[in-house]
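The paragraphs below go through one protein model element by element. Please keep the sequence and the coordinates at hand while reading.

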Amino acid sequence: MEGVCDQKGLLEYMRKSTPPPFLLKTYMLVEDPATDDVISWNTEGTAFVVWQPAEFARDLLPTLFKHSNFSSFVRQLNTYGFRKVATNRWEFCNDKFRKGEKDQLCDIRRRKAWANNNKQQSAALTQAAAAASPAGQESDEDQRSSSTSSSSEFTTLVDENKRLKKENGVLSSELTSMKNKCKELLDLVAKYAHSEKEEEDDGHDQRPKLFGVRLEVEGEMEKKRKRAQVLSESASILLSQACK
């Protein structure tokens, strides 16, 4: 249950912090100085104007929206609260869509419910846009594309969350294995040190002394070399296993 809540929280954060693709693409078209003769900001930078609807639909829309239907573009603007503010040209305004204030795009959201007067206004604008656009495609391809994009983003986030959880489990398992190998290595070293100390404390040690220090005899030295070799080999095995 906690995982579901965390996932919902992540999706909500992503939704609020990322502008809708339609708005980003439209902002890019308006901002591009190379297309100012077709679409650009008004003088105050508070709205944008489509100066040449036919050229805009034919040459610019397909580059970002995969269609060339000006009326569909206008319908999309309506769903995000844009208003046509001039009678003699295609000028659209939204309080959060302004020149130099791209960060405010996150605050623009698609309308979930319209009043009757908004529906009538939308229908009128769509009919006018259809008259200005080139003859041909009358589809909602951009709306379907936006819906598909939102669904795809959701699926991508879910898949990414699953992948991260899986990787986290693998890393946790590897960390536990490393800790166990380190403990085994430390125990092996401690065991060797303990055996050395026991031999030193053994009162039956018959090795000769020189100035109070036990002398190493050949048999004892060989014994210690073998013990050190076993310790070294065991440590190498543990380290190689830990590094896999």
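Helix H4 is mostly covered, with 10 of its 10 residues buried; buried means under 20% relative accessible area, exposed over 50%, and partly exposed in between, with a 1.4 Å probe and protein chains only. The buried residues of H4 are Phe70, Ser71, Ser72, Phe73, Val74, Arg75, Gln76, Leu77, Asn78 and Thr79. After H4 comes Gly81, with a positive phi near 85 degrees.

The model is predicted, and local features need pLDDT of at least 70, side-chain atom pairs count only at pLDDT 80 or more, and totals for chains, interfaces and linings use all residues. Residues are numbered from 1 along each chain as its sequence is written, and side-chain values use heavy atoms, with hydrogens and water left out.

Next, the overall layout. The protein has seven helices and six strands, where helices (H or I, at least four residues) and strands (E, at least two) are DSSP runs numbered from the N terminus. Read from the N terminus, the order of elements is α-α-β-β-α-α-β-β-α-α-β-β-α. Of the 244 residues in the protein, 28% are buried. Among contacts with a separation of 6 or more, 63% join residues 24 or more positions apart; a contact means heavy atoms within 4.5 Å.

Helix H2 (residues 21–31) packs with helix H3 (residues 53–65) at an angle of about 135 degrees, and their axes are 10 Å apart. The axes are lines fitted to C-alpha atoms, for helices over the stretch in contact, and angles run from 0 to 180 degrees between N-to-C directions. H2 and H3 are therefore oblique to each other, since angles under 35 degrees count as roughly parallel, over 145 as roughly antiparallel, 65 to 115 as roughly perpendicular and the rest as oblique. On the H2 side the contact is made by Phe22, Lys25, Thr26 and Leu29, and on the H3 side by Phe56, Leu60, Leu64 and Phe65. These contact residues divide into six nonpolar, one polar and one charged; Ala, Val, Leu, Ile, Met, Phe, Trp, Tyr, Cys and Pro count as nonpolar, Asp, Glu, Lys and Arg as charged, and the others, Gly among them, as polar.

The loop between H3 and H4 (70–79) holds Lys66, and His67 is placed in the loop between H3 and H4 as well. Lys66 is exposed, with a relative accessible area of 67%, whereas His67 is buried at 4%. Phi of Lys66 is near 60 degrees, a positive value in a residue other than glycine. His67 lies 10 residues from Ala57 in sequence, and their C-alpha atoms are 8.1 Å apart in space.

Val50 belongs to strand S2 (residues 47–50). Val50 counts as buried because its relative accessibility is 1%. Leaving out residues up to four places away in sequence, Val50 touches Val38, Ile39, Phe56, Phe70, Trp90 and Phe92.

What of the cysteines? A search of the whole structure finds zero disulfides, a disulfide being a pair of cysteine sulfur atoms within 2.5 Å. Cys93 counts as buried at 11% relative accessibility, and Cys182 as partly exposed at 43%.
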